[in-house]
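Here is a short briefing on one protein model.

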Amino acid sequence: MLRFGILSTAKIAREVVMPAIQDAENAVITAVASRDVTKARALADRFGVPHAFGSYEEMLASDVIDAVYIPLPTSQHVEWSIKAANAGKHVLVEKPLALKASELDALIEARDRNKVVVSEAFMVTYAPVWHKVRELLKDGSIGELKHVQGAFSYFNRDAGNMRNIPELGGGALPDIGVYPTIVTRFATGEEPQRVQALVRRDPDFGTDIYASVKADFGTFELSFYIATQMANRQVMVFHGTEGFIELKSPFNADRYGAEEVELTNQKHNISQIFRFPDSRQYRRQTEAFAKAVAGEASEIVTLESSVKNQRFIDAIYRAGEHDGWEAV
């Protein structure tokens with residue numbers, strides 16, 4: 001059993017990831033850390049966790065954990081991932097891992113030097129719906145892929161929310177722009193060559209709140225928009241010469257629609273629906289990570305893949321500053 005320490009009492013840890021770890025077959029939570037030991041103890045008691053620490057450093061120095069899950073604000077992800085790796089702990093860290101691809105060089109060095117596993121927590125890459133999409137594309141179910149289209153939006157103007165605070169790594173692209181990019185790369189196995197983008201910022205917060213992106217993958221094109229001040233929506237469509245694949249809840253499984261993949265033929269008169277109820281993508285993520293730590297064959301998000309995804313986001317920001325194409 002991989003023994004996890006939870007570094008912070010953040011909402012995503014409390015409500016999503018901690019229950020998933022406790023539900024996993026090969027992992028368990030043995031410690032919670034917070035800068036407020038009272039909060040750490042309360043959360044530990046809630047989940048029946050034996051150890052609570054009043055500082056992150058104290059937990060990393062302890063021998064009661066093998067790995068850490070890091071749900072801190074984005075601006076602190078790389079810093080604490082390096083500290084955890086240097087303490088000999090394996091690291092599962094929330095997305096986005098970094099704010100610039102260059103920030104990951106030091107983390108890769110720390111990973112290699114300390115011989116630990118470090119992975120960005122892209123739960124979508126463990127979801128059955130996305131493995132099905134990858135399988136359908138590989139099998140040629142829609143013929144030759146020509147275009148991928150996506151959207152991800154929600155409404156949030158809370159000035160106190162980290163997503164609206166630049167210093168904490170807020171912004172639409174770091175928060176949700178990483179999803180259309182990672183799933184397209186995951187499903188197709190291809191990388192973008194160049195991008196065009198329109199990026200808009202909130203006049204009060206200074207964070208990017210909207211982006212419309214076109215990416216050239218060579219043999220196909222990806223176009224998507226994201227927004228943090230528009231009505232909730234999620235969709236991804238893969239359109240080929242012989243048909244298309246559509247996902248109506250591609251990122252937050254079963255919150256924006258059913259966990260299903262719809263395959264429609266060229267004439268639009270035959271559709272197949274593949275349903276995946278209760279896919280537990282966060283549990284699958286935990287179990288895959290624990291297998292990788294144990295040295296078993298397991299597909300996880302590597303830091304090398306994280307670098308490529310962040311270069312994609314970096315290029316979108318650069319493209320948003322001018323007309324025309326920007327190389328990735």
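The lining of the largest pocket holds 17 nonpolar, 12 polar and 10 charged residues. The model is predicted. The points below start with this pocket and then move on.

**The largest pocket**
- Its volume is about 1,100 Å³.
- The largest pocket is lined by 39 residues. Ile12, Arg163, Asp175, Asn252 and Arg255 are the ones nearest its centre.
- α1, β7, α7 (172-188) and α8 each supply at least two residues.

**The second largest pocket**
- This pocket has a volume of about 160 Å³.
- Among its lining residues are Thr125, Arg185, Phe186, Glu191 and Ser305.
- Helix α7 gives the most to this lining, with 3 residues.
- By class, the lining divides into 4 nonpolar, 3 polar and 3 charged residues.

**The cavity**
- Rolling a probe the size of a water molecule over the atoms shows where empty space is left.
- How many cavities of 30 Å³ or more does a search of the whole structure find? The search finds 1.
- About 40 Å³ of space lies in the largest cavity.
- Its lining includes Leu97, Phe122, Val178 and Gln310.
- Helix α9 (residues 303-319) gives the largest share of that lining, 3 residues.
- The lining of the largest cavity has 5 nonpolar, 3 polar and 1 charged residues.

**Helix α8**
- Helix α8 covers residues 281-293. At 1.5 Å a residue, its 13 residues should span 18 Å. The end C-alpha atoms are 18 Å apart, which agrees.
- Is α8 largely enclosed or largely open? Of its 13 residues, 10 are buried, so α8 is largely enclosed by the rest of the structure.
- The buried residues include Tyr282, Arg283, Glu287 and Phe289.
- Part of the cover over these buried residues comes from strands, including β1 (2-7), β2 (27-33) and β4 (67-70). Helix α1 (11-23) is also part of the cover.
- Gly295 follows α8 and has a positive phi, near 85°.

**Strand β7**
- Strand β7 (residues 145-155) pairs with strand β11 (residues 229-240) in the antiparallel sense, over 9 bridges.

Terms used: Residues are numbered from 1 along each chain as its sequence is written. This is a predicted model: local features need pLDDT of at least 70, side-chain atom pairs count only at pLDDT 80 or more; totals for chains, interfaces and linings use all residues. Side-chain values use heavy atoms; hydrogens and water are left out. On a 1 Å grid over the protein atoms alone, a cavity is a set of points where a 1.4 Å probe fits but cannot get out, and a pocket is an open set with protein on both sides within 12 Å along at least five of seven lines; lining residues have an atom within 4 Å of a point. Grid points are joined across faces, edges and corners, and a volume is the space filled by probe spheres set on the points. Helices (H or I, at least four residues) and strands (E, at least two) are DSSP runs, numbered from the N terminus. Ala, Val, Leu, Ile, Met, Phe, Trp, Tyr, Cys and Pro count as nonpolar, Asp, Glu, Lys and Arg as charged, and the others, Gly among them, as polar. Two strands pair if DSSP finds at least two bridges between them. The expected span of a helix is 1.5 Å times one less than its number of residues. Buried means under 20% relative accessible area, exposed over 50%, partly exposed in between (1.4 Å probe, protein chains only). Contact means heavy atoms within 4.5 Å.
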